[in-house]
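Good morning. I have one structure to go through today, and I will keep it plain. Please have a look at it first.

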Amino acid sequence: MDLLALLRKETIAVRRNLRLVIVLLVLLPGGIVAGTAVFEQTIPRDVPVGLVAQEDATEDDLAIAEAGVTAFATPIQYDSPDEARKALQREEVYLVVHLPGDVMNESATANVTIVSDHAFVPFEEPINESVDLAESEFDRSLPAEISVEHDRVGEPRSLSEFLVPTGLFAFVTVYALLYLPYQVRSERLVLDRLQTESRLDTVLASKLLFYGAALAIPVAVVAATAAWLGYDVAALSPMTLAVLGLTFLYLAAIGLAVLFALGLRQSALFANLGLVLGVFGLSSLVYPAGFFSTTHRTVSRALPTHYSAITTRSTMLRDAPASLYADYLLWLAATALASLVALKLALIVYQRRR
Amino acid sequence: MTDTDSDLDADANADVTDRRSRGQGADTSADVDGDADRNTGTLALTDVTKRYGETTALEDLTLEFRPGTFHGLIGPNGSGKTTLFALLAGLVRPSSGRIERDDAVTVGYSFQEPRFYPDLTVRENLEIFRGFGDDPPPASWIETLLAELRLEPAADRRAGELSGGFRKKLDLGLALVKRPQFLLLDEPLADVDDYSRRRIRAFLEDYRRDDRTIVISTHNVAAFAETLDRLTVLVDGELRFDGVPDDDVVEQYRELLD
């Protein structure tokens, strides 16, 4: 009978915490399963690939080559190799195909060059797959004898080095979306007193400032550990710190907005856990946007976290000027501003409900 | 103003003076900055109603809290006392009506359920909240509070580890730490031992010098029967009485409830 009484208690507790139960037992598993829909394939077919015509290539050459590229990727034309290389460093594309002019000449041998970036290490193996696919597609669709050459730009990187910025980004996501809301919620009882002495906005501003500044500690630890392991990563460069700071700001503001919109309830922490899983699954952190499906690519390209990951990786691994990522940084700053507005609105809702 | 107010004003002022002379509490004068803390501000409600969904917590309430008074806010559980304090402290907004509170007025609030940083010690909590003021009292005020509220034995313990009585006294200390002009105390003696109760009552009586106002919310009218200058009785969110208390406040309260 004890067991029956205890089970009855659990049933009542579930009824009392319905919001938490819905988030934990319905929305989270439902979201995870729904998220799998964007993972359709393991051979890249929708990865964006740059297409650059060399001087003697015609519009017709390009059109036919583009049709060939479409079979294994999503082609994007660029006017010059320099422009295409920049797009490669910005991860707008993950390969660049340089098309010579004699591809329509049946008696000629045309050398197509495919360029990839050393910094995107996990794509190294799939690239070989894509290069093979490209060679067979070009051979099939172009009259000339096609030979494909594969070039890599940038410093050779190990998978370990690649994972340092990715891991750091993942840490910032957990720290901002889970830890900070958890910390604020743990002080929920004192918030009433704080509101008699100060403004809730000021209390949260102090949290964002303090925990944002404290982020320098894990970054320094990452830099020191990476140096000890002999990795060549610029974890402490001003640009890296700026990107991580902006990323922390908008993720923390979103996490806190969810917390206050849900009245500081436990369910907010699980809702934020759902956001963390979403960020990890949909931001194309390790594989290129479009690797798994076009939907995955579209979702990734719409998420600021995707650009945070690219910019963090670039500032730590690539030797590229900051100006190359100016629009990404602007997008991150705009996201931070919008997130702060969302947080302010959540605070208004929280206070009006009282 | 309520209809009981106007005819009792003159008596009330006379009674305030009379009752103040009875205060024999601890001498806090050494830490008081004189005119700087003198209460000249306003704290009042006019036609205030507060609803939570379909529930009306307070209905059309008009009240004024006067400088230098020991004001008892009495009523049974669920009568709206805590809601009234939350309105006065600015934690909730009225559904209708107006709350008058001068910008310069300082209000300290001791909550029914203590509110503090559980990870900080008693002393650290007091120091942090003292720092919120633009013109905080001297640091020696914290030592005075630790002594008068009998918090010294727990001064260096983490607040989250305190027993119920110490938690309540810490919350009272936090309400007092900026030496506010208006002090709102919600069941301030709950869980507090008898000896500490006497010390706290005496301290509070002394504190209201320099026209500071103490508003005590309680359902235990007997605990402060001897010290009240003014009595407000709330029942089911409505004002049942507001004026000078009778000599036998307990009996008066019983009659008002009946």
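Start with what covers the buried residues of helix α5 of chain B. The cover includes α7 (188–197) of chain A. From chain B itself, it includes β5 (107–110), α3 (122–130), α4 (140–148), β6 (182–186) and α6 (194–207). Keep in mind that this is a predicted model.

How many of the 13 residues of α5(B) are buried? Eleven are, so the helix is mostly covered, with buried meaning under 20% relative accessible area. Among the buried ones are Gly165(B), Phe166(B), Leu170(B), Leu172(B) and Leu176(B).

Now to chain A, and back to α7. Arg188(A) sits in that helix. Its relative accessibility is 37%, so Arg188(A) counts as partly exposed. From Arg188(A) to Ile254(A) is 66 residues in sequence, and 18 Å in space from C-alpha to C-alpha.

Compare that with Ser308(A), which is found in helix α13, residues 304–317 of chain A. Buried or exposed? Ser308(A) is buried, because its relative accessible area is 0%. Leaving aside residues up to four places away in sequence, Ser308(A) touches Phe169(A), Val243(A), Thr247(A), Tyr250(A) and Leu332(A).

Next, helix α6 of chain A, residues 159–186. The helix has 28 residues and reaches 38 Å from its first C-alpha to its last, close to the expected 40 Å. Where does α6(A) bend? At Tyr175(A), by about 35°.

Last, chain A as a whole. Its secondary structure comes to 14 helices and five strands. The C-alpha atoms fill a box of roughly 85 × 50 × 40 Å along the principal axes. Of the 354 residues in chain A, 48% are buried. Taking the contacts with a separation of 6 or more, 78% are between residues 24 or more positions apart. The accessible surface of chain A is about 16,300 Å², and carbon and sulfur atoms account for 62% of that.

Definitions and conventions:
Residues are numbered from 1 along each chain as its sequence is written. Chains are lettered from A and ligands numbered from 1 in the order in which they are written. This is a predicted model: local features need pLDDT of at least 70, side-chain atom pairs count only at pLDDT 80 or more; totals for chains, interfaces and linings use all residues. Side-chain values use heavy atoms; hydrogens and water are left out. Helices (H or I, at least four residues) and strands (E, at least two) are DSSP runs, numbered from the N terminus. The expected span of a helix is 1.5 Å times one less than its number of residues. The bend at a residue is the angle between axes fitted to the seven residues ending there and the seven starting there. Buried means under 20% relative accessible area, exposed over 50%, partly exposed in between (1.4 Å probe, protein chains only). Contact means heavy atoms within 4.5 Å. Accessible areas come from the Shrake-Rupley method with a 1.4 Å probe; for residues, only the protein chains shown count as cover.
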